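Thanks for coming, everyone. Please put the sequence and the structure up on your screens, and follow along as I talk.

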Amino acid sequence: ADLERFAHEVQAALGARLASAVLYGSAASGEWIAGTSDVNVALVLTAVDAAALDALAPVVARWRKRGFALPLVVDADYLRRACAAFPMEIEDLRRRHRVLAGSDPFAELKVDAATLRRELEQEAAGKLLRLRAFYLEHAGSPAALEVLLRESAKTFLVLLRHLLHLRGIDEPHGYE
């Protein structure tokens with residue numbers, strides 16, 4: 001019911017400028033945890049300009065108080081270009097979303113496997129460097145290292161999900 005009200009308020013604020021409202025992330029994949037998880041929404045507009053953002057701002061302010069994250073606000077052209085710049089993020093959106101209003105903006109998007117592999121390698125290498133640095137800083141504190149491992153788990157699970165996808169294994173993989 002909240003999602004329908006949110007979509008209705010966004011449609012009322014933006015009118016014909018709204019092409020799509022899409023739920024993504026844990027709320028779309030069944031992994032949402034009350035009190036912990038955000039509600040993530042992507043809004044695809046016909047054009048993103050100051051007038052559209054001004055119309056949307058009061059709606060976003062109201063829904064932020066209800067656990068909604070700041071929405072991803074883009075146009076269709078941006079999404080197409082983002083396939084090369086943010087392949088992991090676009091692939092996650094493409095594979096795990098639910099349309100709340102309008103058309104499915106991810107239905108026709110294609111992420112190049114080589115581009116996805118490069119981002120995955122870059123992200124994994126960067127995370128490894130950060131883990132090593134944190135370890136050096138906190139090697140004498142098992143409690144700090146435990147926090148590091150716990151807080152790093154979700155990030156590494158995302159990387160592993162994309163690695164499995166590149167290997168052709170696309171079954172749902174929850175965080176549990």
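A27 counts as partly exposed, because its relative accessibility is 26%. Here are the cut-offs: buried means under 20% relative accessible area, exposed means over 50%, and partly exposed is in between, with a 1.4 Å probe and protein chains only. A27 sits in helix α2, residues 26–29. Helices here are DSSP runs of H or I with at least four residues, strands are runs of E with at least two, and both are numbered from the N terminus. Now find R96. A27 and R96 are 69 residues apart in sequence, yet 9.5 Å apart in space, C-alpha to C-alpha.

A word on the source. This is a predicted model, where local features need pLDDT of at least 70 and side-chain atom pairs count only at pLDDT 80 or more, while totals for chains, interfaces and linings use all residues. Residues are numbered from 1 along each chain as its sequence is written, and side-chain values use heavy atoms, with hydrogens and water left out.

Now the overall layout. How many helices and strands does the chain have? It has 7 helices and 4 strands. From the N terminus on, the order is α-β-α-β-α-β-α-α-β-α-α. The C-alpha trace spans about 55 × 35 × 30 Å along its principal axes. The chain has 176 residues, and 34% of them are buried. Next, contacts, meaning heavy atoms within 4.5 Å. Take the contacts between residues at least 6 apart in sequence: 73% of these join residues at least 24 apart.

Let's go to the aromatic residues. The structure holds 3 aromatic pairs. The rule uses rings of Phe, Tyr and Trp, with the six-membered ring for Trp: centres must lie within 6.5 Å, planes under 30 degrees apart count as stacked, over 60 as edge-to-face, and the rest as tilted. F6 and W63 form an edge-to-face pair, at 5.7 Å centre to centre and 85 degrees between the planes. This pair links distant parts of the chain: F6 is in helix α1 (residues 2–14), W63 is in helix α3 (residues 50–64), and they are 57 residues apart.

Are these two buried or exposed? F6 is buried, because its relative accessibility is 3%. W63 is buried too, at 1%.

F6 has another partner. F6 and F68 make a tilted pair, with 4.9 Å between centres and 40 degrees between planes. F6 lies in helix α1 and F68 in the loop between α3 and β3, so this pair ties together parts 62 residues apart in sequence. F68 is also buried, at 5% relative accessibility. Together, F6, W63 and F68 form one aromatic cluster.

R66 lies over the face of W63, 4.4 Å from the ring centre. The test for a charge over a ring is NZ of Lys or CZ of Arg within 6 Å of the ring centre and within 35 degrees of the ring normal.

Which residues line the largest cavity? They are F6, V41, V60, W63, F68, A69 and P71. On a 1 Å grid over the protein atoms alone, a cavity is a set of points where a 1.4 Å probe fits but cannot get out, and lining residues have an atom within 4 Å of a point. The lining has 7 nonpolar residues, no polar and no charged ones. Nonpolar means Ala, Val, Leu, Ile, Met, Phe, Trp, Tyr, Cys and Pro; charged means Asp, Glu, Lys and Arg; the others, Gly among them, are polar. The cavity holds about 30 Å³ of space.

On to helix α5, residues 87–95. Its buried residues are P87, M88, I90, E91, D92 and L93. They pack against β1 (18–24), β3 (72–75), α4 (76–85), β4 (97–102), α6 (113–138) and α7 (142–166).

H162 is in helix α7. H162 is buried, because its relative accessible area is 0%. Leaving aside neighbours within four places in sequence, H162 is in contact with M88, E91, D92, L116 and L120. H165 also lies in helix α7. H165 counts as buried, at 18% relative accessibility. Not counting residues up to four places away, H165 touches E91, R95, L116 and D170. And H165 and A50 are 115 residues apart in sequence and 38 Å apart in space, C-alpha to C-alpha.

How values were computed
On a 1 Å grid over the protein atoms alone, a cavity is a set of points where a 1.4 Å probe fits but cannot get out, and a pocket is an open set with protein on both sides within 12 Å along at least five of seven lines; lining residues have an atom within 4 Å of a point. Grid points are joined across faces, edges and corners, and a volume is the space filled by probe spheres set on the points.
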